[in-house]
Structure formats: structure tokens, C-alpha cells
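Q: I'm new to reading protein models. Could you walk me through one, feature by feature?

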Amino acid sequence: MNWVVVVDDEDYNRKTVSRILNKNGFMVTTLESGEELLDYIITKKNRPDLILLDIVMPASDGFETLQRLKEAMPESERIPVIFLTGEGSDEAEMKGLRLGAEDFIRKPIYSDVLIHRVTHIIELSMMHKSLSQEIEKKVAECDSLSRHVVKALAEAIDAKDKYTNGHSDRVAQYSREIAKRYGYSEREQDDIYMMGLLHDVGKIGISDAVINKPDRLTDKEFALIKAHPAIGDKILKSVEEMPKLSIGARWHHERYDGKGYPDGLSGKEILEEARIIAVADAYDAMTSHRSYRDILPQEVVREEIEKGKGTQFDPVFADIMIQMIDEDKEYLMHEE
């Protein structure tokens with residue numbers, strides 16, 4: 001059974017509309033003013049299928065009431081509104097439509113007209129909601145597929161370096177947690193997770209012999225390693241659907257003091273996501289096994305992050321990382 005709220009300051013109109021709707025199988029709630037409607041919808045969080053709203057009322061008229069209703073409710077919860085009006089000016093109709101009204105019904109109320117328009121608008125609203133839900137479902141499925149593909153690629157990148165098993169996923173997780181604590185939205189957290197997963201994608205273009213060399217690298221070999229941010233940037237810039245994806249790949253080795261690479265950027269010149277990923281990447285490097293050492297003790301890692309504030313790292317994101325370290329009482333944040 002569809003539910004309609006009727007708002008009109010005249011008792012006769014409320015009873016007339018209510019009687020017609022009840023007779024045709026609608027559940028009806030009647031209210032006398034715009035203030036009552038706002039309280040009923042916003043404060044009490046009722047969600048009818050349709051609102052029939054009189055325009056000419058004391059205090060808040062129908063136009064003002066609809067405007068306040070729109071401002072107080074997210075688009076996803078929007079309730080369709082049909083204005084009830086005794087005037088038939090084009091100006092009034094245009095104003096109502098600009099505010100978001102679905103239709104107008106003129107007084108006096110005719111039963112057939114009322115039922116036809118109410119039924120039509122409710123059906124359209126339900127179709128719109130159903131379509132929106134289906135679109136959201138498909139977008140979520142595509143996002144899920146993208147994450148699986150990106151994660152598989154990240155694992156392939158890590159497999160090139162026998163000392164970085166799971167590195168990309170951990171950097172992505174730490175980056176997302178830093179971003180969350182800093183105030184990023186869920187969508188922004190997902191974006192930086194994807195950037196973190198692919199921050200080392202440029203290593204695809206580096207020889208395995210160089211990446212896995214157990215001895216000290218020569219200057220030439222180190223120059224090859226330092227090329228991986230630019231290689232990663234070039235690869236990921238071709239993904240037009242995700243234009244920000246290359247941020248982490250290109251700038252995760254920049255330093256806050258400007259002494260990093262490949263572009264020697266400093267401070268806020270380095271995009272925010274890259275500054276976050278830089279901290280996460282350094283943390284994981286210190287808490288992972290290497291050919292020349294084991295995982296560093298937690299207090300040493302904390303000290304290095306603290307020491308790097310304002311030089312290697314953005315102080316804000318370094319402080320968030322230190323907070324995460326301090327909360328990790330059992331030292332669980334490290335390579336297995």
C-alpha cells in the first residue's frame with residue numbers, strides 16, 4: 001500500500017483529498033502546515049511515498065517548505081512532491097518545478113485527476129529508485145572487479161622482488177588507514193588504497209637481477225632503480241578512467257624537504273596522497289625482512305618516523321603513523 005502525506009491548512013481540502021485516496025487504496029497522513037511537515041519528515045524521519053503540498057499556507061508557504069526540505073535531506077532520500085494550488089499562473093508552476101516539484105494539481109480537486117497523477121508520480125519514483133539501485137549495484141561490481149585486477153597486478157609486481165612479499169598490499173592498507181584518520185571519505189580511502197597497491201608498478205620495467213641484487217648497488221644500478229617512479233607514472237597515466245592512479249607511483253619517493261626523486265618536489269608541492277603513501281611505504285620497508293637484516297624493532301621504527309618529520313615526511317601524516325604505531329601494542333603491523 002502506497003503512503004501519501006497531505007499538507008493543507010484548510011480542513012475541507014485535507015478531508016476531501018484523504019477520502020479520495022483512502023477509497024483508492026492509499027494510506028494517508030494529513031498535516032496542517034509546512035512546519036508540521038518538516039518536523040514529521042526531518043525530525044521524526046518518516047518516509048512516505050509522496051507528499052501533496054499546498055502552496056498558499058500561513059507561515060511557511062509550499063515553496064519555502066519544499067526548499068527547506070531539499071536542504072535538509074540527501075538526494076538519495078528525496079520524496080516526490082506534487083503541489084496543490086488554487087492559482088494557475090505559469091510563473092508559479094515554473095518556480096515549483098525549479099524547486100524540484102514533480103507536478104501540480106489545481107483546486108478544486110477532481111478524483112480521477114488526483115488518482116492518475118498521484119499513481120503516475122509514485123510509479124515513476126519507484127522506477128527511478130530501482131534504476132538507481134541497479135546502477136549502484138553494477139558500479140560496485142565493476143569496482144570489485146577493478147580491485148581484484150589491481151591486486152593481482154600488485155602481487156605480480158611484488159613477486160619480482162623476493163624481499164617484498166605482500167609489500168604493496170600492506171602499503172595500501174596503511175595508506176588507507178592514515179587517510180581515514182585524516183578525514184578522507186570512504187571513496188577517497190578506496191582511491192588511495194588503489195594508488196598504494198600500484199605505487200611500485202614501475203618496477204615492471206626494472207631488471208630482476210637489479211631488483212634482487214643482494215650486494216650494494218652500483219651508481220648505474222641505483223639510477224635504474226630510481227627510474228621506477230617515472231616508469232610507473234607513464235604506465236598508469238594511460239588508465240583514463242582513474243586519472244589520479246599515477247600519483248602514488250610517481251611521487252612516493254619525494255621527500256618533504258625536497259631531496260627526493262624523481263622531481264625534487266617539497267612540502268605541499270607533493271600531492272597529498274603521495275605524502276601519505278611515502279610514510280606508509282617507509283614504514284613497511286622498515287618492518288619487512290631484507291637480505292641484509294630482519295624486521296626492525298618497533299621502537300627503532302617509531303624513532304625513525306619521528307626523526308623524519310619535516311625532512312623525509314609530512315609531519316601531519318608522520319604523526320598519524322606514529323599514533324598507529326603507539327596503538328599497535330603487540331607489534332602486529334609488519335611482514336609475516
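Q: Is Asp 8 buried or exposed?

A: For this you look at relative accessible area, and under 20% means buried. Asp 8 has 0% relative accessibility, so it counts as buried.

Q: Which side chains make polar contacts with the side chain of Asp 8?

A: Here you look for pairs of N or O atoms within 3.5 Å. The side chain of Asp 8 has such a contact with the side chain of Asn 13, at 3.5 Å. A polar contact of 3.0 Å also links the side chains of Asp 8 and Lys 107.

Q: And what else does Asp 8 touch, not counting residues up to four places away in sequence?

A: Its list of contacts holds Asn 13, Arg 14, Leu 31, Glu 32, Asp 54, Met 57, Leu 84 and Lys 107.

Q: What joins Tyr 261 and Pro 262?

A: A cis peptide bond, with omega at about 10°. You'll find Pro 262 in the loop between helix 11 (246-251) and helix 12.

Q: What about phi? Which value does Lys 45 have?

A: Lys 45 isn't a glycine, yet it has a positive phi of about 60°. It belongs to the loop between helix 2 (34-43) and strand 3 (50-54). Since over 50% means exposed, Lys 45 counts as exposed because its relative accessibility is 60%.

Q: And how should I read Ala 59?

A: Go through the steps again. Ala 59 has a positive phi of about 60° although it is not a glycine. Its place is in the loop between strand 3 and helix 3 (62-72). With a relative accessible area of 68%, Ala 59 is exposed.

Q: How do I spot residues that are separated in sequence but not in space? Take Tyr 182 and Ile 320: how many residues apart are they?

A: Compare the sequence gap with the C-alpha distance. Tyr 182 and Ile 320 are 138 residues apart in sequence, but 7.8 Å apart in space, C-alpha to C-alpha. Tyr 182 lies in helix 6 (residues 167-182) and is partly exposed, with a relative accessible area of 39%. Leaving aside neighbours within four places in sequence, Tyr 182 is in contact with Glu 272, Val 316, Phe 317 and Ile 320.

Q: Now for empty space. How would I find any?

A: Rolling a probe the size of a water molecule over the atoms shows where empty space is left. A search of this whole structure finds 1 cavity of 30 Å³ or more. The largest cavity has a volume of about 50 Å³.

Q: Which residues line the largest cavity?

A: Among them are Trp 251, Glu 254, Arg 255, Tyr 256 and Phe 313. The lining divides into 6 nonpolar, 1 polar and 4 charged residues. Helix 12 (residues 272-286) gives the most to this lining, with 3 residues.

Q: How many residues line the largest pocket?

A: The largest pocket is lined by 34 residues, and Ile 225, His 253, Ala 285, Arg 290 and Tyr 292 lie nearest its centre. About 1,000 Å³ of space lies in this pocket. Helix 12 gives the most to the pocket lining, with 4 residues. By type, the lining holds 13 nonpolar, 9 polar and 12 charged residues.

Q: Last one: where in the chain is confidence lowest, and where is it highest?

A: Where pLDDT is low, the predicted coordinates should not be read in detail. In this chain, confidence is lowest in helix 5, with a mean of 75, and highest in helix 14 (residues 315-327), at 98. The chain averages a pLDDT of 88, and 92% of the residues score at least 70.

Key. Residues numbered from 1 in each chain as written. Predicted model: local features only at pLDDT ≥ 70, side-chain atom pairs only at ≥ 80, totals over all residues. Heavy atoms only, no water. 1 Å grid on protein atoms, 1.4 Å probe; cavity = no way out; pocket = protein on both sides within 12 Å on 5 of 7 lines; lining within 4 Å. Points joined across faces, edges and corners; volume = space filled by probe spheres on them. Helix = DSSP H or I, 4+ residues; strand = E, 2+ residues; numbered from the N terminus. Nonpolar A, V, L, I, M, F, W, Y, C, P; charged D, E, K, R; others polar. Buried < 20%, exposed > 50% of the residue type's maximum accessible area, 1.4 Å probe, protein only. Polar contact = N/O pair within 3.5 Å; in protein donor to acceptor, adjacent residues only side chain to side chain. Contact = heavy atoms within 4.5 Å. pLDDT = per-residue confidence, 0-100.
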